[in-house]
Amino acid sequence: MTVTALSELLVAIKDVRIGILGDFCLDAYLLLDPEASEASVETGLSTRPVRTQRYALGGAGNVASNLLAMGITRLSVFGVIGNDPFGVEMRSILAAAGANTDGLLVQRESWDTHVYMKPHERQKEQHRIDFGNFNQLHVSTRRNLIGVVEAGLADLDILIVNQQVVSGLHTPALREDLRELI
């Protein structure tokens with residue numbers, strides 16, 4: 001591909017209406033400051049104070065972030081988040097970047113937002129803490145999600161399907177529903 005052809009493609013793609021159905025994840029970076037540690041009143045153990053925290057999109061969220069950075073102006077996301085602060089943060093990041101988050105459904109039980117918490121101490125990553133490893137997609141959530149995707153298809157040129165995690169939304173039943181929809 002020539003530089004000119006690539007430039008023309010990058011301009012043209014900005015008008016493409018894209019949807020992403022997938023496992024939306026959040027990376028949580030915690031910068032720990034051991035110098036500020038104190039003994040916990042409850043346990044007597046040393047605390048692990050967090051000096052700063054930041055969040056970044058992962059999984060299907062990373063795909064969305066990259067497309068938005070390329071200048072895509074009409075991006076819709078379809079997935080499942082938990083009824084937790086991480087889901088609120090993910091929706092906020094996606095919406096602030098310009099994504100339509102109407103298709104990001106909340107499952108209130110048996111689902112945690114997929115989060116990879118990465119504590120760093122003295123510029124070295126510590127053991128990661130993962131959320132969402134035991135998720136179970138409810139039948140009603142799956143049906144609602146497929147319905148939202150089906151309703152949104154008329155407004156899309158492309159639907160990207162992302163599978164990121166083992167315990168995500170891509171159950172055999174969802175794959176069958178998606179196959180029927182396609």
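Which strand gives the most to the lining of the largest pocket? The answer is β4, with 5 residues. The model is predicted: local features need pLDDT of at least 70, side-chain atom pairs count only at pLDDT 80 or more, and totals for chains, interfaces and linings use all residues. Residues are numbered from 1 along each chain as its sequence is written, and side-chain values use heavy atoms, without hydrogens and water.

**View 1. An open sheet of 4 strands in the order β5-β4-β1-β9.** The pairing is parallel (two strands pair if DSSP finds at least two bridges between them; strands are DSSP runs of E, at least two residues, and helices runs of H or I, at least four, numbered from the N terminus). β5 (100–107) and β9 (158–162) are the edge strands, each pairing on one side only. From one strand to the next the twist averages 15 degrees (axes are lines fitted to C-alpha atoms, for helices over the stretch in contact, and angles between N-to-C directions run from 0 to 180 degrees).

**View 2. Strand β4 (residues 74–82) beside β5.** The two strands pair in the parallel sense over 6 bridges. Ile 81 stands opposite Val 106 in β5. Helix α3 (residues 85–97) packs on the sheet and touches β4 and β5 (contact means heavy atoms within 4.5 Å); the direction of α3 makes about 170 degrees with that of β5.

**View 3. Lining of the largest pocket by element.** β1 (17–22), β4, β5 and α4 (139–152) each supply at least two lining residues. A pocket is an open set of points on a 1 Å grid over the protein atoms alone, where a 1.4 Å probe fits, with protein on both sides within 12 Å along at least five of seven lines; lining residues have an atom within 4 Å of a point.
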